[in-house]
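Dear colleague,

Please find below the structure that I wish to pass on to you.

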Amino acid sequence: MSHEHSRKATAPIVIAAIGVVFGDIGTSPLYALKEIFNGHHPIPVTPDNIFGILSMVFWSIMALVTVKYVSVIMRADNRGEGGSLALLALITEKSHNRVVTWVISLLGIFAAALFYGDSMITPAISVLSAVEGLEIISPDFKAYVLPITLVILTGLFFIQHRGTDTVGLFFGPVMVGWFSVLGVLGALEIARHPSVLAALNPMYAIHFIGSHTALAFLALGSVVLAVTGGEALYTDMGHFGRFPIRLAWFGFVMPALVLNYFGQGALLLNEPAAIESPFFHLGPQWALVPMVILATLATVIASQAVISGAFSVARQAVQMGFLPRMLIIHTSGKAEGQIYIPFTNWTLYIAVVALVVGFKNSSNLAAAYGIAVTGTMLIDTVLVAFVMVLLWRWHPLLVALVAGSFLTVDIAFFAANALKIPQGGWFPIVMALVAFTVLTTWRRGRRLVRRELARQGIPMQAFLGVLGSDIHRVSGTAVFMTSSKEDVPAALLHNLKHNQILHERVALVTVETTDTPYVNNFDRVYLHRMEKGFMRIVIRYGFMEDPDIPLALESCKRFGESFEIMETTFYVSRETVIPGVIGRNIHPWRARLFAFMSKNATSATDFFKIPNNRVVELGTQLVI
């Protein structure tokens with residue numbers, strides 16, 4: 001009975017996972033084989049080459065997705081959460097070597113930066129490749145491909161603020177239909193030419209690489225298109241869990257993908273001319289229009305998954321101190337992970353439109369695709385190697401064997417994609433470098449701000465020692481938000497200096513972000529009473545949580561302290577950053593960038609959900 005109940009509970013999660021997690025890799029059959037045989041480095045469509053390429057595609061999927069991500073890396077979860085930043089937090093928590101921590105941090109940040117480059121290209125290439133199916137229906141539709149693509153993408157980004165709560169209900173069923181069609185079309189073509197299944201033998205890939213080494217290396221740059229989105233299985237693990245994702249992959253998604261790729265290969269063995277679009281030529285002529293519609297729906301869903309992932313990574317980056325406070329809007333009262341970040345949304349939209357207009361077709365975009373994905377996969381391998389050593393305590397020889405094998409494959413794919421940098425691969429690299437610069441500049445700037453505040457600060461114990469009874473105390477409670485747990489908040493000193501009063505009860509509140517995704521309510525709040533009506537409160541949040549100070553203060557009742565919000569005044573210090581002497585602490589242009597980001601950050605009042613009518617904001621100038 002319990003087993004039956006468990007199966008019923010798992011089924012909806014598996015369907016939801018199919019709708020969100022596998023969108024990117026699930027739309028790869030639209031363009032992968034087409035790009036391999038008909039792209040910037042075309043391979044002659046001969047039987048030997050078809051068998052060799054199909055074998056390479058199949059074993060790439062097995063090695064990079066099935067073995068690396070599904071079987072190994074998904075074990076490296078941070079309290080259920082996955083992704084580069086979650087992995088970074090997990091390792092830094094266990095690493096006590098400063099140099100190792102520094103290297104790991106840079107790698108994790110750059111992996112997150114590469115994700116943004118990838119999240120710009122995925123919507124562009126996916127939707128464009130689906131709409132290009134119109135050209136198969138009639139060449140006259142070619143002029144309408146770009147406008148229709150731009151309209152679809154514009155609509156997608158403009159509805160983000162409404163959330164995916166309602167439309168998300170259709171993601172799973174539509175993608176189940178999509179993968180079913182992939183599998184059926186592939187199986188029907190394989191039934192006509194079953195000899196194509198011989199390509200499952202890895203010897204075909206080995207023979208192709210051995211006899212056409214240069215050609216095979218160039219082909220790797222396009223073969224990677226078949227595994228793009230494999231890293232999403234790990235990134236989205238926190239939303240659905242390890243078991244449902246693995247069940248969906250082994251039981252449904254992987255078989256459907258393999259059947260479709262081999263079906264396209266069988267088609268090309270019989271009709272080499274179908275290389276102009278082997279995916280759309282798989283189906284009968286009458287099914288072309290429904291196929292284009294279904295493919296467009298699938299690519300929109302894949303794009304939505306990437307956009308939602310970008311929102312999630314942005315929130316993690318804010319919480320972990322890599323980005324300034326940003327407006328984060330929850331679009332669902334039921335699902336914690338459904339958020340909308342306007343700045344991220346419109347930045348992605350501008351980049352996606354620029355890509356579609358600039359590259360014009362999916363083949364050109366394929367040149368830009370791959371470098372970000374292979375870079376992320378390469379970094380994930382290095383990070384998980386540290387997990388093997390620090391957390392799993394594997395034997396060094398086993399780490400060298402497993403991580404070394406992954407690294408060899410990753411380097412080969414990355415090197416092949418590096419050749420595409422002049423054709424468009426420069427775009428995700430430039431975007432990643434920009435994102436990396438922003439992330440590291442903010443983190444460096446915040447450290448300098450904290451250091452400057454500490455230099456100017458007065459220890460709390462010393463302050464309480466000289467605080468005399470002549471200071472006028474007024475009724476009520478004052479809450480001072482401060483990043484320091486030792487010093488007197490600057491806002492308190494300014495208030496005392498200018499107004500010469502103190503409230504009867506003063507709470508110094510510090511918000512900390514932990515290395516875990518979530519913090520349970522019992523461990524959320526720490527309260528320490530001090531003399532003369534002062535208390536220090538530390539509120540802890542996981543990197544997947546949004547701070548809510550009034551709600552957290554309600555938890556203080558278990559310590560015998562209650563906060564009536566309408567009788568409480570919140571004091572917030574807003575730092576105005578002034579770039580200091582050239583070369584003093586940070587390069588001048590980075591100091592100006594940090595000052596700009598600091599000036600435009602969402603106010604602490606909004607970020608911490610403090611009622612606006614209960615806040616007093618006091619400014620502080622800091623030179624970094």
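The notes below cover the nonpolar cores, the aromatic pairs and one arginine.

This is a predicted model, in which local features need pLDDT of at least 70 and side-chain atom pairs count only at pLDDT 80 or more, while totals for chains, interfaces and linings use all residues. Residues are numbered from 1 along each chain as its sequence is written, and side-chain values use heavy atoms, with hydrogens and water left out.

The largest nonpolar core has 176 residues. Such a core is a set of buried Ala, Val, Leu, Ile, Met, Phe, Trp, Tyr and Cys residues joined through side-chain atoms within 4.5 Å; buried means under 20% relative accessible area, exposed over 50%, and partly exposed in between, with a 1.4 Å probe and protein chains only. Helix H6 (residues 98-131) gives the most to this core, namely 16 residues; helices (H or I, at least four residues) and strands (E, at least two) are DSSP runs numbered from the N terminus. Another core, of 16 residues, lies apart from the largest one and includes Met460 and Leu508. Phe22 is among the residues with the most contacts inside the largest core. Its contacts (heavy atoms within 4.5 Å) include Phe179 and Trp249, leaving aside residues up to four places away in sequence.

The structure holds 20 aromatic pairs. Rings of Phe, Tyr and Trp (its six-membered ring) pair if their centres lie within 6.5 Å; planes under 30 degrees apart count as stacked, over 60 as edge-to-face and the rest as tilted. Trp346 and Tyr349 are edge-to-face, at 5.8 Å centre to centre and 85° between the planes. These two residues are separated by about one helical turn because they are three residues apart in helix H17 (residues 342-359). Trp346 is partly exposed at 30% relative accessibility, whereas Tyr349 is buried at 17%. Ring pairs also link Trp346 and Tyr349 with Phe157 and Phe158 into a cluster.

Arg536 is found in strand E6 (residues 534-541). The side chain of Arg536 does reach the backbone oxygen of Ser484, at 3.2 Å.

Notes. Polar contact = N/O pair within 3.5 Å; in protein donor to acceptor, adjacent residues only side chain to side chain.
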